[in-house]
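Here is a colleague's note to read beside the structure.

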Amino acid sequence: MTTPDSPPAPEAPQHKDHGRAGRDLPAAIGSAVALIGAILLSLFFWKTAFMGIVALAVVVAVWELHRGLSAKDVDIPEQPLMLGGVVMVVVAYFWGAPALVTATAVTALVVMLWLLRRGVDGYVKNATASVFTLVYVPFLASFVALLLGEGGTTPALGFSTDDAGVRGVITFIAITVASDTGGYIAGVLFGKHPMAPVISPKKSWEGFAGSVVATVAVGVVLVTSFLDGDWWVGVILGLIAAAMATLGDLCESVMKRDLGIKDMSQVIPGHGGLMDRLDSLLATVAPIWLVLYYLVF
């Protein structure tokens, strides 16, 4: 109850309605341009520096998952996961897949030993979530390092159009972004039939069709003109990217619904958390690396 002399009660914060877009588009576009600019600058100026961006992304993503999982009283150990994740990215880039597998196994064992210090209560729950985090973020992100390493690991300055690794990473990012962009535009303009209404009400079959069209088109153009590969490889990449990016997005939506949170964090204006942007990239990078490794490189 207030009196005539009492200050007015503070109003509840108002959430701005962004319409069918569902996000603050100017902020989202600005953040995307900044992120893509940082990636391209690192690749063009000194490609090894791009591994620093990947390692930083792993650290932030582990922090976000720790933050999100804590909503369900799951407490993963950030320090060994972050350190082990960075090591996994580095060894994958310089020494390849066998080193990555070894580093992943060692990190998993270290994390489980680390959790022993907390005692018995909650050990299985926290250890399971920790190994899940290890595979979901650092292990999948390390395939970016494997892809970049296809062009050699000599830390030379400057961009070379002959560097297969740089061209592969640009192709991977472009195709995945095409999936998100094509799906978003088609979904906003034509979306009427929900794909998974319980998990992600805004994701539609029309949006998925837009993803397929965009990824196949970008895949064919980049594989034939940028990677000197066959057009049908671009079609395969596009279909795989559309399917895996959609699956990655749905899986992260399930996680957030289970945890009872809207975004993993708010570190990227207009996008939410870093994991909200990495979900499709993490899902597509391993199969894209495999296709390029055997059919192009």
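1. Contact, or touching, means heavy atoms within 4.5 Å. In that sense, and not counting residues up to four places away in sequence, L148 touches L43, K47, F50, M51, Y93, G165, V166 and V169.

2. On the basis of this note: the model is predicted, so that local features need pLDDT of at least 70 and side-chain atom pairs count only at pLDDT 80 or more, whereas totals for chains, interfaces and linings use all residues. Residues are numbered from 1 along each chain as its sequence is written, and side-chain values use heavy atoms, with hydrogens and water left out.

3. A nonpolar core is a set of buried Ala, Val, Leu, Ile, Met, Phe, Trp, Tyr and Cys residues joined through side-chain atoms within 4.5 Å; buried means under 20% relative accessible area, exposed means over 50%, and partly exposed is in between (1.4 Å probe, protein chains only).

4. Helix 4, residues 97-116, has 20 residues and reaches 29 Å from its first C-alpha to its last, close to the 28 Å expected at 1.5 Å a residue, where the expected span is 1.5 Å times one less than the number of residues. Its buried residues are L100, A103, T104, T107, A108, V111 and L115. Seen down the axis of helix 4, these buried residues fall within an arc of 140 degrees, so they line one face of the helix; the arc is that of the directions from the helix axis to the C-beta atoms. On the other side of helix 4, P98, V101, L109 and L113 are exposed, while the cover over the buried residues includes helix 3 (78-95) and helix 5 (123-148).

5. E252 has its place in helix 8 and is buried, with a relative accessible area of 1%. The C-alpha atoms of E252 and L278, which are 26 residues apart along the chain, are separated by 9.6 Å.

6. T246 also lies in helix 8, and at 9% relative accessibility T246 counts as buried. Leaving out residues up to four places away in sequence, T246 touches M195, K203 and F208.

7. Is I261 buried, partly exposed or exposed? I261, found in the loop between helix 8 (231-259) and helix 9 (275-295), is partly exposed, with a relative accessible area of 24%. Leaving aside its neighbours within four places in sequence, I261 is in contact with G68 and K256, and I261 and G68, 193 residues apart in sequence, are 7.4 Å apart in space, C-alpha to C-alpha.

Notes:
Helices (H or I, at least four residues) and strands (E, at least two) are DSSP runs, numbered from the N terminus.
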